[in-house]
Amino acid sequence: MNTVISGNTYDEERALYGARDTLVENCTFAGPADGESALKESRNVEVKNCRFSLRYPLWHADGFLLQGSSLDELTRAPIWYAKNGRVVSTEINGVKCLRECERISFEKVRAVSAEFGWRCRDISAKDCEITSEYFLFETKGGDFDGLRFKGKYSFQYTEDLTVENSVLDTKDAFWHAKNITVKNCTVKGEYLAWYSENVTFIDCHIVGTQPLCYCKGLKLINCTMEATDLAFEYSEVDADIRGSVDSVKNPLSGRIVADGIGEIILRDSVMETNCEISVR
């Protein structure tokens, strides 16, 4: 880095606006001036062991590392319109953390942020803990490994994602999602993946009422299900389920194989259904 900034406190507007090839370490961004956009339009910056308590610090940044830092609840919308960034071992508590960003990775991050990751591209997270009411809305492209997620309306309208080795405690997840692979995960919540297309669950444990309805190209490979009643309504499905399903209702087409099915409901359908359903 050509420039090193260390141990300073900033509260003015655009304090380090347009910084280039700069290491910013052990600094605090807070104070009575309540300035915004501290590192807006920065290029190739490393931000280490810093504390943020002001809005919009990394808007339009390109090529950044944010490491070992904390962003409190006053750090609203911290990363927007940014690209080519890494966030490592950092705690984030500001709402709307990430929006319309490209190629951002998170590792060992803990975040509590409503509306996290809207309309982004190529987002990855490894060994992260994230709480968000709306998570990754309309985001395309991404890999998530070891994610511990808690929230409500997650992964809606997402495309081309892989989620592995994760625990997702959510509801209405993956609605209208396309081209998604979920592997070796626990997915807990109501109304999973309605209206989705080409979503595949592999070695997953699925928990919650009325999952996987109105789906196209749905696949379940070696999955288990718990408290999953009224599953698969009007879905095109290829499911190999280990263990039992509480009930299956009017699947549209394909096949469903399970070790046990509590109830098969084939009545009052408004569509012509032709799905092969069998118990081992």
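Is Lys 150 buried, partly exposed or exposed, and at what relative accessibility? Lys 150 counts as partly exposed, at 48% relative accessibility. The cut-off for exposed is over 50%. This report covers a predicted model.

## Overall build

The protein has 28 strands and zero helices. Its C-alpha atoms fill a box of roughly 70 × 30 × 30 Å, taken along the principal axes. The chain has 280 residues, and buried residues make up 49% of them.

Strand S26 covers residues 236-249, and strand S27 covers residues 253-265. The two pair in the parallel sense, over 11 bridges. One of the contacts can be named on both sides: Asp 238 has Arg 255 in S27 as its bridge partner.

S27 also pairs with strand S28, residues 274-279. These strands run parallel too, joined by six bridges. Here Gly 254 stands opposite Cys 275 in S28. In a regular strand, side chains alternate between the two faces of the sheet.

## Salt bridges across the chain

The structure holds 15 salt bridges. Among them is the pair Arg 55 and Glu 36, whose side chains meet at 2.9 Å, N to O. Arg 55 counts as buried because its relative accessibility is 18%, and the limit for buried is under 20%. Glu 36 counts as partly exposed, at 23%.

Lys 150 returns here as the partner of Asp 169. Their side chains meet in a salt bridge at 3.3 Å, N to O. This pair links distant parts of the chain, with Asp 169 in strand S20 (residues 167-171) and Lys 150 in strand S18 (residues 148-154), 19 residues apart. Asp 169 has a relative accessible area of 27%, so it is partly exposed. Lys 150, at 48%, is partly exposed as well.

Which residue forms a salt bridge with Lys 249? The partner is Glu 233, with the closest N and O atoms 3.9 Å apart. Lys 249 belongs to strand S26, while Glu 233 lies in the loop between S25 and S26. The pair links distant parts of the chain, 16 residues apart. Lys 249 is partly exposed, with a relative accessible area of 24%. Glu 233 counts as buried because its relative accessibility is 15%.

## Surface patches

Which residues form the positive surface patch? They are Arg 121, Lys 140, Lys 178 and Lys 216. Lys 178 has its place in strand S21, residues 178-183. Its relative accessibility is 36%, so Lys 178 counts as partly exposed.

A nonpolar surface patch of about 380 Å² is made by Tyr 195, Tyr 214, Val 270 and Met 271. Tyr 214 is found in the loop between strand S24 (205-207) and strand S25 (218-226). At 31% relative accessibility, Tyr 214 counts as partly exposed. Patch members need over 30% relative accessible area, and Tyr 214 has 31%.

Where does Asp 34 lie? Asp 34 is in the loop between strand S4 (28-29) and strand S5 (43-48). Its phi is positive, about 55°, although Asp 34 is not a glycine. The residue counts as partly exposed, at 37% relative accessibility.

Glu 41 lies in the loop between S4 and S5. Its phi is near 60°, again a positive value in a residue other than glycine. Glu 41 has 23% relative accessibility, so it counts as partly exposed.

Definitions and conventions:
Residues numbered from 1 in each chain as written. Predicted model: local features only at pLDDT ≥ 70, side-chain atom pairs only at ≥ 80, totals over all residues. Heavy atoms only, no water. Pairing = 2+ DSSP bridges. Helix = DSSP H or I, 4+ residues; strand = E, 2+ residues; numbered from the N terminus. Patch = residues over 30% accessible without salt bridge, like charges linked within 9 Å, V, L, I, M, F, W, Y side chains within 5 Å. Areas by Shrake-Rupley, 256 points an atom, 1.4 Å probe, with all protein chains shown as cover. Salt bridge = Lys/Arg side-chain N within 4 Å of Asp/Glu carboxyl O. Lys, Arg positive; Asp, Glu negative; His and termini not counted. Charge placed at Lys NZ, Arg CZ, Asp CG, Glu CD. Buried < 20%, exposed > 50% of the residue type's maximum accessible area, 1.4 Å probe, protein only.
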